[in-house]
Amino acid sequence: MSLKSIANYINGERLPPIANDYLDTINPATNEKITTLPNSNKYDLDLAINAAKKAIPIWQAMPMSERASYLLAIAKLIKKHKDTLAELECIDTGKPLQTTQSVDIPRAAENFEFFAKCANSDFSKVYDMQDKGINFTQQKSLGIVACISPWNLPLYLFTWKIAPALLMGNCVIAKPSEVTPLTADYLAKLCIEADLPAGVLNILHGKGNKIGQAIIEHKDIKAISFTGGTETGKHIAQSAAKDLKKVSLELGGKNASIIFADCDFEKMLATTIKSSFSNQGQICLCTSRLYIENSIYEQFKNSFVAAAADLIVGDPYNQETTQGAVVSELHYNKILSHIEQAKAEGAVVLLGGEVKKVPGRCKHGFFVKPTILENLKTDSKTNQTEIFGPVVSLIPFNSENEAIVEANNSTYGLCSVVWTQDINRAHRVSRKLDTGIVWVNQWMLRDLRTPFGGQKHSGVGREGGKYALEFFSETTNICIGF
Ligand code: TXE
């Protein structure tokens with residue numbers, strides 16, 4: 001696929017960067033350049049802010065149902081162009097085409113559809129003071145908001161933020177990751193086709209420390225919704241504090257799965273393979289610390305290693321491939337250095353622990369074999385650091401209490417998974433886990449209405465359903481005295 005350069009999307013038009021400065025985007029499965037993207041600066045941001053300011057009165061005055069109809073139009077176009085979008089996401093991320101076809105792109109359309117339906121929500125609350133008066137609440141848009149997203153699920157996470165922000169009447173400055181800009185650029189084309197009013201959504205491409213930094217510092221931006229690394233999240237929180245901007249931060253994870261001997265072994269095994277290695281382990285929800293009850297440790301270890309060895313690492317275009325490339329050379333080197341560190345800490349490598357050479361067109365690509373480690377304590381560096389790759393660590397435990405203490409021994413607190421057939425234990429354990437999400441006998445079962453986000457260094461705030469709608473709006477209480 002040969003592609004023209006990516007453009008910014010400002011005031012309803014696709015525009016080149018003012019400084020004519022460009023970056024390359026690389027296909028990590030082949031290590032070949034795909035195209036170039038704007039390395040935008042604060043002057044591009046000024047154009048976008050001015051466009052958003054002009055658009056605010058029109059967009060805010062529009063009935064919510066009408067704004068929702070634009071979301072539905074965009075969802076329809078994503079579905080119509082799903083094959084192109086799936087291919088763009090595949091070449092930009094290195095993940096298997098069958099994953100972008102079945103997960104990334106359908107979910108991007110679903111995000112717009114889901115939030116369009118939220119237009120029917122019961123937003124206003126009433127607090128009746130009987131003979132004295134009545135209170136009712138009103139949700140108003142914030143004005144201009146920023147949506148900054150990462151590279152692991154590019155269009156999926158980009159639209160997860162943009163859709164609720166637009167529904168609530170905000171104008172948006174959105175920045176996709178510079179590592180994976182292709183589908184955000186295509187979304188701009190679809191917004192033009194959907195006749196989205198100019199300036200309502202503006203997409204700026206470029207580096208985090210340049211255009212990203214300019215966005216988070218801009219005085220006219222009232223809220224920042226961010227998904228990405230914990231260090232970047234902390235930096236954004238500090239910067240936003242100066243102007244008391246609202247922040248929603250969805251950051252890293254080092255998620256534990258607790259596997260009790262009484263679990264449904266076959267279901268647990270198949271799901272744990274997915275929770276460990278889906279998207280090459282590059283999902284904030286992936287489980288990378290597996291705690292296994294001692295009595296089934298050997299059985300689990302042998303079955304898990306055998307099942308992971310059956311995963312097919314290869315060309316993302318092949319339909320049988322389950323594991324594609326990791327997202328970039330930089331990230332590939334980071335994962336490999338974590339594996340070396342694990343070995344230095346005394347890890348026993350049960351599977352993988354090295355690169356995978358994929359012949360043919362992918363011979364220069366960045367592939368890492370699914371890697372299973374044991375013999376590392378919970379407080380080892382490997383088990384405390386987010387690797388964000390196909391690397392998991394097995395740790396045996398003897399008692400329920402020990403498993404809870406070990407699982408909670410992390411600076412992160414995004415999600416955890418509990419495997420048991422004992423309903424009392426399921427309740428007991430899940431209430432004691434310090435994570436924003438607990439799955440029992442499941443992983444990644446998502447209802448978009450539920451609160452999504454983490455505790456501790458995994459973030460601040462919740463996305464999803466009414467939580468996102470509240471984040472992207474201001475509440476006014478109107479009290480009428482009699
Ligand atoms: O993320 P960054 P990176 C984790 C994972 C990964 C690490 C770093 O461990 O190895 O984070 O990944 C923009 N002001 N996750 O470096 O830098 C940036 O351009 C404003 C977990 O790719 O946090 C991009 O659009 N924006 C994660 C976005 O922030 C800035 C998913 C994320 O980039 C900025 C991805 C700044 N100063 C990585 N600096 C998850 N939670 O799912 C960067 N950005």
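In this predicted model, Ala 52 has a relative accessibility of 0% and is therefore classed as buried, the threshold being under 20%. The residue belongs to helix α1, which covers residues 42-61. Beyond its neighbours within four places in sequence, Ala 52 makes contact with Ile 144, Cys 171, Ile 173, Gly 199 and Asn 202. Asn 135, by comparison, lies 83 residues from Ala 52 along the chain, and 32 Å separates the C-alpha atoms of the two.

The discussion now turns to the cavities. The model contains four cavities of 30 Å³ or more. Two or more lining residues are contributed by each of the strands β13 (287-293) and β16 (391-397). In composition, the lining of the largest cavity has seven nonpolar, seven polar and two charged residues.

The second largest cavity has a volume of about 90 Å³. Helix α5 (residues 154-167) supplies the largest share of its lining, namely three residues. Among the residues that line this second cavity are Tyr 156, Leu 157 and Trp 160, together with Arg 107, Glu 250 and Arg 446. The lining of the second largest cavity consists of eight nonpolar and three charged residues, with no polar ones, whereas that of the largest cavity includes seven polar residues.

Methods. Residues are numbered from 1 along each chain as its sequence is written. This is a predicted model: local features need pLDDT of at least 70, side-chain atom pairs count only at pLDDT 80 or more; totals for chains, interfaces and linings use all residues. Side-chain values use heavy atoms; hydrogens and water are left out. Helices (H or I, at least four residues) and strands (E, at least two) are DSSP runs, numbered from the N terminus. Buried means under 20% relative accessible area, exposed over 50%, partly exposed in between (1.4 Å probe, protein chains only). Contact means heavy atoms within 4.5 Å. On a 1 Å grid over the protein atoms alone, a cavity is a set of points where a 1.4 Å probe fits but cannot get out, and a pocket is an open set with protein on both sides within 12 Å along at least five of seven lines; lining residues have an atom within 4 Å of a point. Grid points are joined across faces, edges and corners, and a volume is the space filled by probe spheres set on the points. Ala, Val, Leu, Ile, Met, Phe, Trp, Tyr, Cys and Pro count as nonpolar, Asp, Glu, Lys and Arg as charged, and the others, Gly among them, as polar.
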